[in-house]
Amino acid sequence: MEQYIFLHGLGQTPADWEKVICNLPVENVLCPNLFEACGRASYEMLLKQFEEQFASYEVLHLCGISLGAVLALHYAIKHPGQVKSLVLIAPQYKMPKALLSIQNVIFWCMPNAAFQSMGVKKKDMIAMSNSMKKINLQQELQYVSCPVIILCGKKDKANIKAALSLHTKIKQARIFLVENAGHELNVEQPEKTAELIMSFYKALAIKPKICYIINTKKEQPPTRGLAN
């Protein structure tokens, strides 16, 4: 069975994918909460948890935004035979340490209640962000063997340079820059995001069927950071 996984960003919840998925007629869709089952707030533990959760699936189609895009890319590098397509939105492959430090300052200034909708504590969110500073996948991009589409908002100044650079480093990747959009394409331009993703899936000869699962409560997410 082919499974479609949609991964949210740091500062988002799975519910942020709902408007995109409502416009995407694909079957077997999961939107896991990346923080719900992660015992320790670190990227290393998140990756390990994700690998354990989806190791038994024969075929995965991964779509992620920001943190979710990094996780999807990293998983595809480690499991090239399992991942059959990648949709990377506002991706990074070598984390900008200065930007993450600025984001952590913003997180510190936010009230604890702002993180409740994600089911995560402020200190754990900051710890997760700090652990991401170590990420550098540049030397491993050669192992990405599946079809790839990269999406980025033209107003996403924090990530557009990395998106363009990543496009040049993965030979089979295609890239689309979305007008009038910033960092959170799945929230700001859900219909356009769905249109681009579906066009990509159709090119892979994927037969559409309507069936989606949102694996979360519908709650209002908190204010976002700069590079979630």
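Colleague: Which strands does α2 lie across, and at about what angle does it run to β1?
Modeller: Helix α2 lies across β1 (2–7), β2 and β3 (59–65), and its angle to β1 is about 155°. Helices (H or I, at least four residues) and strands (E, at least two) are DSSP runs numbered from the N terminus. The angle is taken between N-to-C directions on a scale from 0 to 180 degrees, with axes fitted as lines to C-alpha atoms, for helices over the stretch in contact. Contact itself means heavy atoms within 4.5 Å.

Colleague: What kind of model is this, and how are its residues numbered?
Modeller: It is a predicted model, where local features need pLDDT of at least 70 and side-chain atom pairs count only at pLDDT 80 or more, while totals for chains, interfaces and linings use all residues. Residues are numbered from 1 along each chain as its sequence is written, and side-chain values use heavy atoms, with hydrogens and water left out.

Colleague: What is the order of the strands in the sheet?
Modeller: The order is β2-β1-β3-β4-β5-β6, an open sheet of 6 strands with parallel pairing. Two strands count as paired if DSSP finds at least two bridges between them. The edge strands are β2 (29–30) and β6, each pairing on one side only. Helix α8 also packs on this sheet, where it touches β1, β3, β4, β5 and β6, and its direction makes about 155° with that of β4.

Colleague: How do you know that β5 pairs with β4, and how many bridges join β5 to β6?
Modeller: Strand β4 (residues 83–89) is joined to β5 by 4 bridges; the rule asks for at least two, so the strands pair. Leu88 has Ile150 as its bridge partner in β5. On β5 and β6 the count is 6 bridges, again in the parallel sense, and Ile149 stands opposite Arg174 in β6. From β5 the chain crosses through α6 to β6, and this β-α-β crossover is right-handed. That word applies when, with the strands pointing away from the viewer, the path from the first strand over the helix to the second runs clockwise.

Colleague: Why is β5 called largely enclosed?
Modeller: Because 6 of the 6 residues of β5 are buried. Buried means under 20% relative accessible area, exposed means over 50%, and partly exposed lies in between (1.4 Å probe, protein chains only). Val148, Ile150 and Cys152 point one way from the strand, Ile149, Leu151 and Gly153 the other way, and all are buried.

Colleague: Why is Val20 called buried?
Modeller: Val20 has 0% relative accessibility, so Val20 counts as buried. Val20 sits in helix α1 (residues 18–21). Leaving aside neighbours within four places in sequence, Val20 is in contact with Asn186, Pro190, Thr193, Ala194 and Ile197.

Colleague: What makes a group of residues a nonpolar core, and which residues have the most contacts inside the largest one?
Modeller: A core is a set of buried Ala, Val, Leu, Ile, Met, Phe, Trp, Tyr and Cys residues joined through side-chain atoms within 4.5 Å. The largest has 50 residues, and those with the most contacts inside it are Tyr43, Leu62, Leu73, Leu86 and Val148. Its largest share, 9 residues, comes from α3. A second, separate core of 25 residues includes Phe6, Ile21, Val26 and Cys63. In soluble globular proteins, nonpolar side chains tend to be buried together.

Colleague: How do you know that Glu51 and Lys78 form a salt bridge?
Modeller: A salt bridge needs a side-chain nitrogen of Lys or Arg within 4 Å of a carboxyl oxygen of Asp or Glu. For Glu51 and Lys78 the closest N and O atoms are 3.1 Å apart, so the pair qualifies. The pair links distant parts of the chain, with Glu51 in helix α2 (residues 43–54) and Lys78 in helix α3 (residues 67–78), 27 residues apart. Glu51 is buried at 16% relative accessible area, while Lys78 is partly exposed at 43%.

Colleague: How many salt bridges are there by this rule?
Modeller: The count comes to 3. Lys154 and Glu179 meet at 2.7 Å, N to O. Glu195 and Lys192 have their closest N and O atoms 3.5 Å apart. Being 3 residues apart in helix α8 (residues 190–203), Glu195 and Lys192 are separated by about one helical turn. Glu195, at 48% relative accessibility, counts as partly exposed, and Lys192 is partly exposed at 33%.
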